[in-house]
Amino acid sequence: MRRLSSLAWRTLGARKVRSFLSMAGIALGVAVLFASLSAGATMDAAVEKAAADEMGHTDLRVQALEESGLSRDTVNVIAGAAGVSVAAPALERKTYLSARANQTPSAKLPPPVTVLGIDPVKEPQLHDMPLASGRLLTAGDVSSALITQTLGDQEGLRIGDSISLNGTVAAGPQAYQIVGIVIGDGPLPEAEGRLVFIPLGSAQTLFGTTGVTRVDLGVASGVSVDELIGQLDVSIKTEPYLLSRTEDLAASLRAEMADFRSALLLVAAVVLFAGAFLIFNTMSMTVAERTRDVGLLRAAGTTRSQVMGLVLLQALALGLIGSAAGVVLGVALAALTLSWIGSSGPIALAAPAVSAGSVAMALLVGVALTIAASLEPAWRAGRIPPVEALRRGPSGTSAGAARLRWLVVVFGVLAVAALAVWPQADSTDSAGAGPLAAGASSPTGGPLVVYGLLLVAVLLLPRLLGPLLRIAGLPFRIFRNEERLARSSLSRDRSRTALTVGALVVALAMVVALGTAAQDVRKIGSSWLAETIPGSELLTSIRPVSTTDPIRDQLAATPGVKSLSPIGLFGVPYVFTSQKDGKPEKSVVRQEAAAIVGHDYLVDGRLDFLAGDPASALGALDSGGAVIVPKSLADQAGIGLGDSMQFATGPSLMQLRVVGIVAHSIPAEAQEAILVGWSDALTQFGVTGADFYAVRYVAGQESTARTALDSEAASYALEPDDLDRVSGTVGDALDRVFKLLDALALIAVFVAGLGMFNTFSMSVLERVREIGVLRATGMTSRQVWGMVVIEAGVLGIIGAVVGAVVGLIVGALLVSWSSWGFGLVFDPPWLSIGLAVCFGVLISITASVYPAGLASRGSIVRALQHE
Amino acid sequence: MRRGEFVALMGPSGSGKSTLLQLLGGLDRPTGGDVILDGEVVSHLSDTDATRLRREKTGFVFQFFNLIPLLDVYENVALPFTIAGEDPRRGDAAARIRDVLEILDLVGREHNRPDQLSAGEQQRVALARALVGRPAILLADEPTGNLDYATGGEILDELWRSCDQRGQTIVLVTHDARAAAYADRVLVVGDGRIRDEIELGRRTTHEAGPLIARLAQLGL
């Protein structure tokens, strides 16, 4: 075998371009896979670090569900629970730094700061606070503050400086002296480095509350966290709360990235799939070309397994070199990917992680895939009978069904690889990720279905090839003879044609599918805000503005303002009843809710009611005891008009009657909000005020009124945002992600192009004599060139059209599975489809130009003598 | 060569028989000298003109048939019309194809693919394809080299009939004296030159004996 191996190298060397293209195909596939793995690992590391930074040594966090926070009594109950060694309460609020004397006032609001009111004694026991300079807060401090290094740098603040924080109207601005500077951004990712620590009592005074937003707990030795959870469940009866551990926080952060990571891996799988087509065709061509050589070897006594071994050895070499090159390329691709997405999230992403595991996985998948794609050609080579081989010479024929069997093998290899590296959904994610939480999981089933769908499309291609060829040939009918011969040539080996076009189908399907998803998400972003917000502008506050605050009336009095509708967002403890083992089981899940003024919505004609009368439903909301539910939640939880929804807001359950079901509702952090009236929000759910106001202007007076209102709003620390700009910002961020995925999917199209180049070259090589006969019979070199290019055109059209159709189906699936949970509407992305079709045809024709040149330029005499 | 003449080219391997045939058919260009066909110098034509020459004035028959495997019998025979952009199912083209299929006894086989035919039938299809355009000259490169004795004889009979009955000019390259004996005249080629010329004349019987004796004298 060792001596025979030199034959394997020579065979690869004899077709350098083909071998290079095959390695390039597998390298690109592995590169995208490695980039996905590396980017995923980097994101995981960043998430772990962010979660660890935020939670410190905390074993369990008790978080307030209501805006008013956990009361002092509840904090005492928690602190006194058996098994608690340390209880560190904290109050987290956003506010603005008051303008300093030497600062010139700006019309635009500065970025807010996050204030964390902490217990100076307990907090350091659970959270490391490494200082760049100064000291930590002490028990006696009242007007002292710690700031982060980032905030210090941004605002030019040093130890000993005084900062003034805006509080409630009653409290007014309060001054604090900076006594220490915490290294870096501090522990809260959402604060984006703008973080101020002050004593808890001072923070409560500043923000006019006696509650806390969370209590971090250290568990006493000998007590498990689960035991403590059980203890707290018994102890806390009066206020709703959420429990989370470090891994829960990491899980929820990971869940936000799971869709993106899954999409990256899906694209990587598609590129690898396209690469597998390339490898398979290459090895098939090599076997076909070497039929006579193989026959000679067999006649000379080489066994079948030796012949198979030769082919697999070539595959191994291609796979190893291609995969190694892919890993190198993948590091660069991962860096590009991370830098592209890095700026769009709060968590800082470092340089791509190159772990031995991800390198090994990428190499393993690359080589395994190459071997899997080569098994069938190798098996076929081993089956060549010596006599038949010597008699026949080169042959491109094979049993189509046998040839397509390999696809299942390749699918299996990729499926196993996908299962191994797929981002796992976290079952422990208790905080807000109950059965109703959107985006809670990233199931492998869905992408595998997508992947299987692509496989089925390719497997069906040989059967549909006849009619497809006739239809795709129509645009070329003007060149009747060339078109006829081109179609005949493509029918010659249907399985090879199907595999070649299959790679293009799969790649373009991915492009169209991503285009479909991107368009729907963008579209929903704008239409959905317009459907649920009664106005064209939002005035956003960094903390709830009390409904009794005169701000609303003062702003509403601005000339040209028609209405100013307050909206508050908050979480509610929804008692969800599910069926377990045939029995109803109740669980409390966090459901996001919005407080609205029903009358404003009625006047403005917002919300698309699917059930219930708009006038009476919105009226009932203002009267209290009623709730309007979005369709997504109604479908998931089986809620109908007239049902009662229960909420665990206190010792006894509170009930609201469902008075309407709407197509879309106000978007909250991770799901659509249920809509309640302000009276219920304030009295039952502990809401303290509005998070934003929706502004409606009098027709024709918007431009002048807006200037006046925006200026007025800024004086109340309200940030004005045009509704179009809000949806545009969301759309832009999503576009950025989809562009990245598109770019990666285009790599698959490029790999498909390499495959086509190989196939056209092989096709020309196989037909040298035939082309010679055509030339001898009177065909011009231009006609021959045209014949090959038309072949490519026909193939490109089939690939592009079938790819577009399959892509639309996959896109519809992706849209229906998407975790935004806003009930997206499927709408074909005609621009993406048009571009994909043009690009598919273009890449196919481009891939054929060189082989077509070879076919048309060759000597007729040599062609006729060719064996 | 005269119009309607049947000429055979003989000579040892590498003597230049096939090269001469390729030059005559415009498949290759001579490094010296000229090829004059129908009074026109065809040895230095552009690719397009050479293609037109092949399409309009020459027909080829090869040793290995060289049929297009994807096309059926009718389509293979119709190829010269198809390439020229004519509809082979209509008008004069259809009539000519029908005629040639009848002459070569291929009626009923029109929809068979080459791999469904015997070697002799395949060569008859190749011959039909070469004759269907009624070329000024038919160039046959060892057309019986890949056939058994009886089948080869049938093909040679067909060639001779097309020459004798329909005035087809034929140049036949062969190693086989029995095949060459069908010709009116035999040119013996050696080292790229015509070394000898054997005038046999038009005959209804194609006895090879005298030719073999003559060739033996020439050491072939």
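This is a predicted model: local features need pLDDT of at least 70, side-chain atom pairs count only at pLDDT 80 or more; totals for chains, interfaces and linings use all residues.
In strand E3 of chain A, the bridge partner of Ala90(A) is Ile118(A).

The contact between Ala90(A) and Ile118(A) is one of the bridges between E3(A) and strand E2 (residues 84-95) of chain A, which pair in the antiparallel sense over six bridges. E3(A) also pairs with strand E8 (residues 195-199) of chain A, here in the parallel sense and over five bridges.

E3(A) spans residues 113-118, and six of its six residues are buried, so the strand is largely enclosed by the rest of the structure. The burial holds on both faces: Val113(A), Val115(A) and Gly117(A) are buried on one side, and Thr114(A), Leu116(A) and Ile118(A) on the other.

Helix H6 (residues 200-207) of chain A is likewise largely enclosed by the rest of the structure, because six of its eight residues are buried. The buried residues of H6(A) are Leu200(A), Ser202(A), Ala203(A), Gln204(A), Leu206(A) and Phe207(A). Just after this helix, Gly208(A) adopts a positive phi of about 65°.

**Chain B and its interface with chain A**

Chain B contains nine helices and eight strands. It has 220 residues, of which 55% count as buried. Among contacts in chain B with a separation of 6 or more, 67% involve residues 24 or more positions apart.

At the interface, 23 residues of chain A are in contact with 24 residues of chain B. The size of an interface is often given as the accessible area lost when the parts come together. For chain A and chain B, the area buried between them is about 2,100 Å², with 60% of it on carbon and sulfur atoms. One salt bridge is found across this interface. Arg775(A) forms a salt bridge with Asp47(B), with the closest N and O atoms 2.8 Å apart.

**Aromatic pairs**

Over all chains, the count comes to six aromatic pairs. Phe647(A) and Phe685(A) form an edge-to-face pair, with 5.3 Å centre to centre and 90° between the planes. Phe647(A) lies in strand E16 (residues 644-647) of chain A, and Phe685(A) in the loop between helix H21 (678-683) and strand E19 (690-697) of chain A, so the pair ties together parts that are 38 residues apart in sequence. Both Phe647(A) and Phe685(A) are buried. In chain B, Phe60(B) and Phe62(B) form a stacked pair, with 5.8 Å centre to centre and 5° between the planes. Phe60(B) and Phe62(B) are also buried.

One aromatic cluster is formed by Phe570(A), Tyr574(A), Phe576(A), Phe647(A) and Phe685(A). In chain B, a charge meets a ring: the charged end of Arg178(B) sits over the ring of Tyr149(B), 3.9 Å from its centre.

**Salt bridges**

The structure holds 37 salt bridges over all chains.

| Salt bridge | Closest N to O |
|---|---|
| Asp87(B) and Arg90(B) | 3.7 Å |
| Arg202(B) and Asp164(B) | 3.1 Å |

Arg124(B) lies in helix H6 (residues 119-131) of chain B and Glu154(B) in helix H7 (residues 149-166) of chain B, so this pair ties together parts that are 30 residues apart in sequence. Arg124(B) is buried, at 11% relative accessible area, whereas Glu154(B) is partly exposed at 40%.

The salt bridge of Arg202(B) with Asp164(B) links distant parts of the chain, 38 residues apart: Arg202(B) is in the loop between E8 and helix H9 (209-217) of chain B, and Asp164(B) is in helix H7 of chain B. Arg202(B) is partly exposed, with a relative accessible area of 38%, and Asp164(B) is partly exposed at 34%. In chain A, salt bridges that share partners join Glu54(A), Arg61(A), Glu123(A), Arg214(A) and Asp216(A) into one network.

Leu607(A) is not a glycine, yet its phi is positive, about 70°. This residue is in the loop between helix H18 (598-604) and strand E14 (609-611) of chain A, and Leu607(A) is buried, with a relative accessible area of 10%. Asp191(B), also a residue other than glycine, has a positive phi near 50°. Asp191(B) is found in the loop between strand E7 (185-190) and strand E8 (193-199) of chain B, where Asp191(B) is exposed, with a relative accessible area of 68%.

Methods. Residues are numbered from 1 along each chain as its sequence is written. Chains are lettered from A and ligands numbered from 1 in the order in which they are written. Side-chain values use heavy atoms; hydrogens and water are left out. Buried means under 20% relative accessible area, exposed over 50%, partly exposed in between (1.4 Å probe, protein chains only). Helices (H or I, at least four residues) and strands (E, at least two) are DSSP runs, numbered from the N terminus. Two strands pair if DSSP finds at least two bridges between them. Rings of Phe, Tyr and Trp (its six-membered ring) pair if their centres lie within 6.5 Å; planes under 30 degrees apart count as stacked, over 60 as edge-to-face and the rest as tilted. A charge sits over a ring if NZ of Lys or CZ of Arg is within 6 Å of the ring centre and within 35 degrees of the ring normal. Contact means heavy atoms within 4.5 Å. Buried area is the accessible area (1.4 Å probe) that two parts lose on being put together, summed over both. A salt bridge is a side-chain nitrogen of Lys or Arg within 4 Å of a carboxyl oxygen of Asp or Glu.
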